[in-house]
Amino acid sequence: MSAGFKVAVISRDSSRLERLRTFVSPNTKENLITVVGNVGSEDGAEQAKQVLLKQVGKVTDIVSSLGFSWWQGGPPHTQSLKDLQWVIETLLFSTFVSWKAFFPLVRDNSDYSYTFITGGAGEKLLMPGTGFLTVGAASALAFCQVLREEYPEVPCKLNQISEPRTLGD
Ligand SMILES: NC(=O)c1ccc[n+]([C@@H]2O[C@H](COP(=O)([O-])OP(=O)(O)OC[C@H]3O[C@@H](n4cnc5c(N)ncnc54)[C@H](OP(=O)(O)O)[C@@H]3O)[C@@H](O)[C@H]2O)c1
């Protein structure tokens, strides 16, 4: 944002967006656009897209980082189907639905990009009790791999990041 790029963030929770604003320096605040919306539902993603387009005109780079920071609910035999449904809905369904709505905005331009943050959990059990995180992250990772295979000719750059680093790493 300090280089002049506009960044738009969509959240279902306006208080999270307000909190985000407090992290941005006053000089660059005008480059942060916040949109209240639910990109995890088909209607919500379409609505959020229209609001966004009205505000910014065009979108060049999209980052999909949907899910949750951490899940360590325990080994599978201690979990319910509802727990697994929630994990898949949060990590996979929202990733798919938002991709379907937003990918057409960047698909046909080789200078544009669509980036998925899937996390290292998709490749292995991170530690005991993180099994459903592994299952959810693996399904998001598989979805990215499917997109690469299904749309090999698409000009837009499709990126997938497995290991986002936190500050201090
Ligand atoms: N934090 C890490 O160190 C880390 C490390 C490796 C991988 N990752 C991966 O990065 C991704 C995001 O993690 P995070 O730490 O940024 O989590 P986070 O702060 O909890 O953010 C999760 C985001 O996903 C959205 N979301 C969740 N469920 C949704 C749904 N059903 N419909 C629409 N939006 C939904 C949330 O939207 P709302 O704002 O509307 O709630 C929020 O924007 C996850 O896939 C995670 O596995 C994170």
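User: What should I know before reading the numbers?

Analyst: The model is predicted: local features need pLDDT of at least 70, side-chain atom pairs count only at pLDDT 80 or more, and totals for chains, interfaces and linings use all residues. Residues are numbered from 1 along each chain as its sequence is written.

User: How are two packed helices described?

Analyst: By the angle between their axes and the distance between the axes. Axes are lines fitted to C-alpha atoms, for helices over the stretch in contact, and angles run from 0 to 180 degrees between N-to-C directions. Helices (H or I, at least four residues) and strands (E, at least two) are DSSP runs, numbered from the N terminus.

User: At what angle do α3 and α4 pack?

Analyst: Helix α3 (residues 81-106) and helix α4 (residues 131-150) pack at about 25°, with axes 9 Å apart. That makes α3 roughly parallel to α4, a label for angles under 35 degrees.

User: Which residues make the contact?

Analyst: Residues are in contact if their C-beta atoms, placed from the backbone, lie within 7 Å. On α3 they include Leu84, Val87 and Leu91; on α4, Phe132, Val135 and Phe143 are among them. The contact of α3 with α4 divides into eleven nonpolar, four polar and one charged. Here Ala, Val, Leu, Ile, Met, Phe, Trp, Tyr, Cys and Pro count as nonpolar, Asp, Glu, Lys and Arg as charged, and the others, Gly among them, as polar.

User: How does α2 meet α3?

Analyst: The axes of α2 (residues 42-56) and α3 come within 9 Å and cross at roughly 35°. Glu42, Ala45, Glu46 and Lys49 in α2 meet Val97, Ser98, Ala101 and Phe102 in α3. That contact holds four nonpolar, one polar and three charged residues.

User: Now the strands. What is their order in the sheet?

Analyst: Two strands pair if DSSP finds at least two bridges between them. Three strands form an open sheet in the order β3-β4-β5, with parallel pairing. β3 (61-64) and β5 (157-161) stand at the edges, each with a single partner strand, so one side of each is left without a neighbour in the sheet. The twist averages 15° from one strand to the next. β4 (residues 113-117) and β5 pair over five bridges.

User: Where does α3 lie relative to the sheet strands?

Analyst: α3 lies across β3 and β4, running at about 175° to β3.

User: Which residues come nearest to the ligand?

Analyst: A residue is near a molecule if its C-beta atom, placed from the backbone, lies within 6 Å of it. Of the 21 residues around the ligand, Ser11, Arg12, Gly40, Gly67 and Gly119 come nearest. The largest share of the shell, four residues, comes from α3.

Conventions
Angles under 35 degrees count as roughly parallel, over 145 as roughly antiparallel, 65 to 115 as roughly perpendicular and the rest as oblique. Two residues are in contact if their C-beta atoms, placed from the backbone, lie within 7 Å.
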